[in-house]
Amino acid sequence: MIILVDRFESATVILPVINETTSLVQTVEIILRDVKDQLEQIIIAVADRTTQESMAVVEQVRCDCGDLVVVHQQKLPFLGGAMREAFDLARGSHVILMASDLETDPNLVRTLISEAEMHPSAIITASRWCDGGSFQGYSTIKLACNWMFQRLFSLLYGTSLSDMTYAYRIYPTRLVQAIRWEELRHPFLFEALVKPLRLGVPVIEIPATWTARTEGASQNTFFRNFEYFRVGMKARWASRCSLLKPGVDILG
């Protein structure tokens with residue numbers, strides 16, 4: 001049985017790294033400046049494709065931060081694989097899903113934690129579409145496609161959420177460790193919201209500004225975005241039991 005947490009105790013931050021350097025350092029510095037006392041660990045997930053330059057920065061961050069930073073060499077492939085493995089390694093009562101390229105503003109981490117302290121059993125998610133949120137450096141075509149996608153799936157899931165694909169969120173750790181995850185590539189970021197929604201987990205939005213990365217290159221292609229439709233449709237009509245790992249009961 002999933003036991004919904006009744007309080008926030010500490011956070012595990014997950015940072016996947018492929019080609020980020022300066023942005024990774026800035027992200028970690030801001031997190032430590034703002035919420036160090038509330039951190040359990042920072043998990044930096046690296047892959048075989050992580051560049052040598054990035055690995056050098058990761059090692060420096062680990063040396064500077066000591067036991068607070070855990071560097072994990074992922075075994076499952078791609079971004080979803082990294083996140084799924086990091087979920088299982090998380091020791092904090094809550095886990096923060098974000099990027100290391102500054103497209104998820106690290107200044108917002110303290111707000112995510114503050115909201116989790118008030119709503120410990122909920123998912124707190126950043127939204128670029130709600131009042132106070134915005135996009136910086138997003139193409140007009142992508143913006144229109146994103147808006148239509150959000151409207152479609154908010155209707156299908158019967159939710160008022162305005163942004164279901166921006167993967168900047170804080171979760172109860174017990175929740176993410178109970179769900180049966182399937183995706184390995186970027187559509188995992190959508191799966192990580194729609195499956196909790198189907199389970200009846202409350203989701204609270206806070207405004208955020210998305211700013212295009214200034215270093216490295218995204219590992220997500222435009223045409224891979226169409227896989228999000230498959231993920232959303234599959235979860236929408238799946239039974240609640242099938243969304244959970246074997247032996248885990250339905251949320252009460």
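User: Is R7 buried or exposed?

Analyst: With a relative accessible area of 51%, R7 is exposed. This is a predicted model, in which local features need pLDDT of at least 70 and side-chain atom pairs count only at pLDDT 80 or more, whereas totals for chains, interfaces and linings use all residues. Residues are numbered from 1 along each chain as its sequence is written, and side-chain values use heavy atoms, leaving out hydrogens and water.

User: Which side chain meets that of R7 in a salt bridge?

Analyst: Side chains of opposite charge can pair when their charged atoms come close. The criterion is a side-chain nitrogen of Lys or Arg within 4 Å of a carboxyl oxygen of Asp or Glu. Here E9 is the partner of R7, at 3.1 Å from N to O. E9 also counts as exposed, at 52% relative accessibility. The structure holds 15 salt bridges in total.

User: How are R62 and E59 placed in helix α2?

Analyst: Helices (H or I, at least four residues) and strands (E, at least two) are DSSP runs, numbered from the N terminus. R62 and E59 are 3 residues apart in α2 (residues 52-65), so about one helical turn separates them. Their side chains form a salt bridge of 2.6 Å, N to O. R62 is partly exposed at 32% relative accessibility, and E59 is likewise partly exposed at 31%.

User: Which residue forms a salt bridge with K195?

Analyst: The partner is E182, with the closest N and O atoms 2.8 Å apart. This pair links distant parts of the chain, 13 residues apart: K195 belongs to helix α7, and E182 to the loop between α6 (173-176) and α7. K195 is buried, at a relative accessible area of 3%, while E182 is partly exposed, at 29%. Both belong to a network of salt bridges that also links R180, E191 and K234.

User: Which residues are buried in helix α8?

Analyst: An α-helix has 3.6 residues a turn, so residues three or four places apart point the same way. In α8 (residues 227-237), the buried residues are Y228, V231, G232 and A235. They lie on the same side of α8 because they cover an arc of only 95 degrees around the axis, taken from the directions from the helix axis to the C-beta atoms. These residues pack against α5 and α7 (188-198), contact meaning heavy atoms within 4.5 Å.

User: How many residues of strand β5 are buried?

Analyst: In β5 (residues 123-127), 5 of 5 residues are buried, which leaves the strand mostly covered. I123, T125 and S127 point one way, and I124 and A126 point the other.

User: Which strands are joined to β5 by bridges?

Analyst: Two strands pair if DSSP finds at least two bridges between them. Strand β8 (residues 203-207) runs parallel to β5, with 5 bridges, and A126 stands opposite I206 there. Strand β7 (residues 169-172) runs antiparallel to β5, with 2 bridges; I124 has I170 as its bridge partner.

Methods
Buried < 20%, exposed > 50% of the residue type's maximum accessible area, 1.4 Å probe, protein only.
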